Amino acid sequence: MTAILIDGKQLAFKIQDELKFKIKNHVSNLRRPPCLAVILVGEDPASRVYVHHKEKVCSEIGIKSKTYRLPSSISQDDVLKLIKELNHDQAIHGILPQLPMPTHIDKVLIVGAITPTKDVDGLSFHNQGRLSWNLPSLRPCTPSGILEIIKSIDVNVSGKNAVVIGRSILVGLPTATMLTHAGATVTTVHSKTNMPNEICRSADLIVAAAGVKHLVNREWIKKGAIIIDVGIHRTPDGKLTGDVNPEDAMELASHFTPVPGGVGPMTIAMLMKNCLEAYEHRFI
Ligand code: NAD
């Protein structure tokens, strides 16, 4: 068997095109464009690259972006003060604190300070609570992207056995919640799980978000399983790879998301979708 590679880049382009069209309509009705405020604290190289990607896609589809590049010496109070100002600024529709932040800044406080209707990362207590209740909300971007990817291959997850590897508030937990709401029987495995490979081997769908390079190999994969690889790692020769051994996945899975070009672009597309939703929410 050779797995079908799922082209997350193409899917993201399609979604972004639809968003671009909607934004153009708003602007032609003399509304100002949506505006995303990004807060980047410190010099973390990966964060700078992610922020650059976000700015680029914003400009491609007509979302204004304003990046606040702050020194790592900035105090937590000053970041909170900025968030308060952005919450009240009518011209700002989405607020995104780029994580991780320096250790003296408590991310729980930062995320919690954002007005839920501007919380385009979907991480606040309010939005995660609404997600648990399966009520409309701004959903976390990577899990939303994963669900869109699954929808795109026309697979109904209802009744399927899904395993999510990882239990972070950013990826693993909300993905497990969203798959559960979609009708899957979900098992979450994490760093304390015994024999995670055996649990995964019974899964129809695996979402790998452990942050461990090539953790998932042929010992973990049932023939014909769908595999979504969330991990991002840089190899010594500068290439990107994921949490799944790509050769083993290609040989055994029915569908597989590559790294790069799978979940990554969809995460950004879902961020853009959330920005537009936050913007349109103001007109409801
Ligand atoms: P995290 O470090 O917050 O969480 C990792 C989780 O994996 C933890 O819950 C931990 O218990 C679990 N884990 C660690 N080692 C494990 C093991 N050996 N077996 C089973 N579980 C294990 O990371 P995160 O923020 O959830 O991100 C996970 C990965 O996804 C990282 O590589 C990150 O770079 C990537 N990521 C990619 C995107 C994207 O858009 N593609 C977005 C967010 C995160």
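**Figure 1. Pro100 in the loop between E4 and helix H4 (107-113) of the predicted model.** Pro100 belongs to the loop that runs between E4 and helix H4 (residues 107-113). The structure shown in this and the following views is a predicted model. The peptide bond leading from Leu99 into Pro100 is cis, and its omega is near 0 degrees. Strand E4 itself spans residues 94-97.

**Figure 2. The cis peptide bond between Val259 and Pro260.** Val259 and Pro260 are joined by a cis peptide bond with an omega of about 5 degrees.

**Figure 3. Surroundings of the ligand.** The ligand is surrounded by 20 residues, and the closest are Arg167, Ser168, Ser191, Val230 and Thr267. By class, the shell consists of 10 nonpolar residues, nine polar residues and one charged residue.

**Figure 4. Polar atom pairs between the ligand and the protein.** At Ser168, an N or O atom of the side chain is placed 2.5 Å from an oxygen atom of the ligand. At Arg167, a polar backbone atom is 2.8 Å from an oxygen atom of the ligand. At Val230, a backbone N or O atom lies 3.3 Å from a nitrogen atom of the ligand. On its own the ligand has 860 Å² of accessible area, of which the protein covers 72%.

**Figure 5. The open sheet of three strands, E3-E2-E4.** Three strands, in the order E3-E2-E4, make up an open sheet with parallel pairing. Strand E3 (64-70) and strand E4 (94-97) are its edge strands, each pairing on one side only. Direction ignored, neighbouring strands of this sheet are turned by 15 degrees against each other on average. Seven bridges connect strand E2 (residues 35-41) with E3 in the parallel sense. Leu40 has Arg69 of E3 as its bridge partner.

Figure 6. Helix H3 (residues 76-88) lies across E2, E3 and E4, and runs at about 180 degrees to E2.

**Figure 7. The open sheet of six strands.** The order of the six strands in this open sheet is E1-E11-E8-E7-E5-E6, and the pairing is parallel. Its edge strands, each pairing on one side only, are strand E1 (4-5) and strand E6 (185-189). The bridge partner of Ile4 in E11 is His255. Helix H7 (residues 172-181) lies across strand E5 (161-165), E6 and strand E7 (205-208), and runs at about 170 degrees to E5.

**Figure 8. Backbone of Asn134 in the loop between helices H5 and H6.** Asn134 lies in the loop that separates helix H5 (125-132) from helix H6 (141-152). The phi angle of Asn134 is near 60 degrees, a positive value in a residue other than glycine.

Terms used: Residues are numbered from 1 along each chain as its sequence is written. This is a predicted model: local features need pLDDT of at least 70, side-chain atom pairs count only at pLDDT 80 or more; totals for chains, interfaces and linings use all residues. Side-chain values use heavy atoms; hydrogens and water are left out. A residue is near a molecule or strand if one of its heavy atoms lies within 4 Å of it. A polar contact is a pair of N or O atoms within 3.5 Å; within protein, one must be able to donate a hydrogen and the other to accept it, and residues adjacent in sequence count only if both atoms are side-chain atoms. Accessible areas come from the Shrake-Rupley method with a 1.4 Å probe; for residues, only the protein chains shown count as cover. Ala, Val, Leu, Ile, Met, Phe, Trp, Tyr, Cys and Pro count as nonpolar, Asp, Glu, Lys and Arg as charged, and the others, Gly among them, as polar. Two strands pair if DSSP finds at least two bridges between them. Helices (H or I, at least four residues) and strands (E, at least two) are DSSP runs, numbered from the N terminus. Axes are lines fitted to C-alpha atoms, for helices over the stretch in contact, and angles run from 0 to 180 degrees between N-to-C directions. Contact means heavy atoms within 4.5 Å.
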